[in-house]
Every structure is written in structure tokens, then in C-alpha cells.
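Subject: Structure handover

Hello,

Here is the structure I promised to pass on. Please open it alongside this note.

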Amino acid sequence: GYVPDVYAFDAPLTTIIIGEAKTTDDLETDHSKKQITAFLSFLGQQTTGVFILAVPWQAKRRAQAIVTSLRKAVGALSVKTVTLDDIGL
């Protein structure tokens, strides 16, 4: 029910990458949390899944905490997660 900002896979299929960008305000909405949950749940069912979340640098730690919490909640511990910020750290 959600469309990610980025959806990529290789052929033959071994890895699926879903990328999403959020503003600081958007990160905390119920919609965003449901969206991220859906993406993590989907990736957790794949052989190898990677979720990339891009946020402003001020929101990086909060974004990491949200993704970690949601990843545990859906049992998608095998999903690799990457949090990008606009200063590249």
C-alpha cells in the first residue's frame, strides 16, 4: 500500500533495496512509521534486504532509533539499515 522513493534490485535477484527520504517533521508522523514498518516487513521476507533512510543531519539519531525500534517490532532483524544525512556522515 506504500510506494518508496527508491526501489532497486539486482538480477538474478539476490538483494532488494528500498530507500526513503523524510523531513524532520515528517519522520515522526503515523503515516511515516506505518510506511517504514511496511517496507521493513517486506524486506524481512527477502533473501537480502537493505533499507536506506535519508534525513536532515539533525534528525539522524532519531531516525536510527525509529528504524531500530520498528525493525525489532516486525522481526526484520536480518534487514540491513543505513541512515544517510545531508552532511554525509
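Below is what was found, element by element. Keep in mind that this is a predicted model.

Strands 3 and 4
Start with strand 3 (residues 49-55) and strand 4 (residues 80-85). They run parallel, and 6 bridges join them. Alanine 54 in this pairing stands opposite leucine 84 of strand 4. Helix 3 (residues 60-73) belongs with the two strands: strand 3, helix 3 and strand 4 form a β-α-β unit, and the unit is right-handed.

Threonine 83
Next, look at threonine 83, which sits in strand 4. Is this residue buried or exposed? Its relative accessibility is 13%, so threonine 83 counts as buried, the cut-off being under 20%. Leaving aside residues up to four places away in sequence, threonine 83 touches Leu53, Val55, Lys60, Ala63 and Gln64.

Helix 2
Helix 2 covers residues 30-44, which makes 15 residues. From first C-alpha to last, helix 2 reaches 21 Å, close to the 21 Å expected at 1.5 Å a residue. Which of its residues are buried? They are Ser32, Gln35, Ile36, Phe39, Leu40 and Leu43. These cover an arc of only 130 degrees around the axis, so they lie on the same side of helix 2. Asp30 and Lys34, on the other side, are exposed. What do the buried residues of helix 2 pack against? Their partners are strand 2 (16-21), helix 1 (24-27), strand 3, helix 3 and strand 4.

Best wishes

Conventions:
Residues numbered from 1 in each chain as written. Predicted model: local features only at pLDDT ≥ 70, side-chain atom pairs only at ≥ 80, totals over all residues. Heavy atoms only, no water. Pairing = 2+ DSSP bridges. Helix = DSSP H or I, 4+ residues; strand = E, 2+ residues; numbered from the N terminus. Right-handed = clockwise from strand over helix to strand, strands pointing away. Expected span 1.5 Å × (residues − 1). Buried < 20%, exposed > 50% of the residue type's maximum accessible area, 1.4 Å probe, protein only. Arc of directions from axis to C-beta. Contact = heavy atoms within 4.5 Å.
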